[in-house]
Amino acid sequence: MKDMYILAIESSCDETSCAIVKNGCEDIATVILSQIDIHTNFGGVVPEIASRHHLKNITMVIEECLKKSKLTMDEIDAIAVTYGPGLIGSLLVGVEAAKTLAMVYNKPLIPVHHIAGHIYANNLTKKMEYPLLALVVSGGHTELVYMKDEYQFEKLGETLDDAIGETYDKVARVIGVGYPGGPVIDKMAQEGVHEYNLPLPLNDNSYNFSFSGLKSAVINLAHNYEQRDVELNKANLAKSFQDVVIETITKKTLKALKDNDIKRMIISGGVAANKSLREGLKKVCEENGIECSYPDLKYCTDNATMIGAAGYFAYKKGITADSNLNAKSSLSLV
Amino acid sequence: MKILYLDTTSSFLYTAILEDNKVIAEVKEELGNNLSDYTLPRIEGMMKIKNISVDEIGKIIAVNGPGSFTGIRIGLTIAKTMAWAKNIPIIPISSLEAMALSSDANYDYVVPAIDARRNYLYASIYDAKNNNFVMNEQYINADTLNIALENLSKDSITFISNDKINVNYDVQPYDPKIEKIVGIVKDREPVNPHSIDANYLKMTEAEEKQKEELN
């Protein structure tokens, strides 16, 4: 098969990104324009502001990516785009731009599910082998996905309420340490000890997660200390909170691996950048003879490179779309 | 030269291809929440019927708002991406100006207005005799606008709107006269496609709230 170059666009949240990926595994050029500094002022992503910035920046990001790749549109074989799930106004900008490029240059259009993108981010670092279990942890998602073979997804479990990244953000806000919460809390936790007792959420036999109870427990604890005018040790709270998060995630993940006799797992999504979580999972996997891998840190957070990687395998499966493709704020992977 | 006109700033899609200043293909269709599904297919459809390729489009005129935030972004993303990709000169125009220019009603003053909710409008006041705006477009309380108009003779004023708006004047529905609009704006200075942006006329609620808190 001849080499295939895919130009991919991702705009599902607050990053406007364009990438060119060769054969689903080689990052030829990636441009990511993050809006994080803008949303930090508001303590979280404001959807309408995110959409406004995507519109403003979309063509500049595409142009920059093409320049960086030193390729021309003639050398691009297909256009891939995240069409869901995500913030609808944000997704729409990427989808309309991708559809227009596909139409203008007469290229195939490949619709990519955002989570499929996060999973295939791994293929940019190491060729994925099947069957495998993918743990997807990000600001908007916490899912366990079983892949029997290439581009085949079966969701085993997911969060029943808040996503893991969302929970970190809320906890960070309650203890007043800023946004985004993940990196801040992970760093603080390195300096703390497990002092506070927090409940292990959804301690059952399912592969599902729940974080709203844990979040409430942290909020209640903080209020309780505040009322008693006792100072809370923030580093210790961060450590106590993160320990529980890692315990629940490793427990459910290990159960899914063992029950289904899966020997390989990959970690994906923005929260995969969390060092303690990665190390916690790696340790459990080593103890149980399971191969565990995760993408390079730069491919953990939202980027179009992972969409280009996933798009290649989607295209091999014959998945394409027409110019009536619409963005979907919620979209099932399977 | 062929010109593409595109307006997705309301629940209607208004798009046309013009050749030598005449409309040769046109779509005026209420699409509501389905603008994303159908806007690009309709443009493709017009081109296919008239056997026109994108390379023949010599200019794009894109309506950039005010109106539905999402709708504005759908049309502008298509327009700016196409303009950037094919190096086509692009000219933005305000939806309120397009509305004012489309009026052939026999009134001295034309007030194009779009419902902005909570008794607010996006509106301007156009002097149809002198062909200029006597009130620039703005996000304005409907009562404030009614007061602003009090000094003018009531019979000399008409609103143009497709929305249910709370005003004391005649309201004519909006039906874009695309040939006329394009004829007037086509020789304006084109802008760099990268700089094409929405004319929202209104900050986001989060920004408004932050501004209030700062004051």
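Which residue of chain A forms a salt bridge with Asp197(B)? Keep this in mind while reading the points below.

1. **The model.** This is a predicted model. Read each point with the structure open.

2. **The salt bridge.** The partner of Asp197(B) is Lys56(A). The closest N and O atoms of the pair are 3.9 Å apart. The cut-off for a salt bridge is within 4 Å, so this pair counts. Across the interface of chain B and chain A, the rule finds 2 salt bridges. There are also 15 residue pairs in polar contact across this interface, both residues being at pLDDT 80 or more.

3. **Who supplies the chain B side.** Helices H1 (35–49), H2 (69–86) and H6 (205–214) of chain B each give two or more residues to the side that touches chain A. H2(B) gives the most, with 13 residues. By class, this side of chain B has 17 nonpolar, 7 polar and 8 charged residues.

4. **Extent of the chain interface.** On chain B, 32 residues are in contact with 31 residues of chain A. About 2,900 Å² is buried between the two chains. Carbon and sulfur atoms give 65% of that area. Three residues stand out: Arg73(B), Trp84(B) and His194(B) supply 22% of the area that chain B buries against chain A, more than any other three residues.

5. **Two domains in chain A.** Domain 1 covers 5–120 + 299–316, and domain 2 covers 130–294. Their centres, taken over C-alpha atoms, are 27 Å apart. The contact takes 20 residues from domain 1 and 19 residues from domain 2 of chain A. Between them, these domains bury about 1,500 Å², with 69% of it on carbon and sulfur atoms.

6. The side chains of Lys316(A) and Glu150(A) meet in a salt bridge, at 3.3 Å from N to O.

7. **The domain 1 side.** Helices H1 (36–40), H4 (114–120) and H10 (305–316) of chain A each supply at least two residues of the side that touches domain 2. H4(A) has the largest share, 6 residues. This side of domain 1 has 12 nonpolar, 6 polar and 2 charged residues.

8. **A residue to look up.** Is Gln242(A) buried or exposed? Gln242(A) is buried, because its relative accessible area is 2% and the cut-off is under 20%. Gln242(A) lies in helix H8 (residues 234–259) of chain A. Its side chain makes a polar contact with the side chain of Asn274(A), at 3.1 Å. Leaving aside neighbours within four places in sequence, Gln242(A) has contacts including Tyr168(A), Ile185(A) and Ser276(A).

Key: Residues numbered from 1 in each chain as written. Chains lettered and ligands numbered in written order. Predicted model: local features only at pLDDT ≥ 70, side-chain atom pairs only at ≥ 80, totals over all residues. Heavy atoms only, no water. Contact = heavy atoms within 4.5 Å. Buried area = accessible area lost by both parts, 1.4 Å probe. Polar contact = N/O pair within 3.5 Å; in protein donor to acceptor, adjacent residues only side chain to side chain. Helix = DSSP H or I, 4+ residues; strand = E, 2+ residues; numbered from the N terminus. Nonpolar A, V, L, I, M, F, W, Y, C, P; charged D, E, K, R; others polar. Buried < 20%, exposed > 50% of the residue type's maximum accessible area, 1.4 Å probe, protein only. Domains from an automatic or database assignment.
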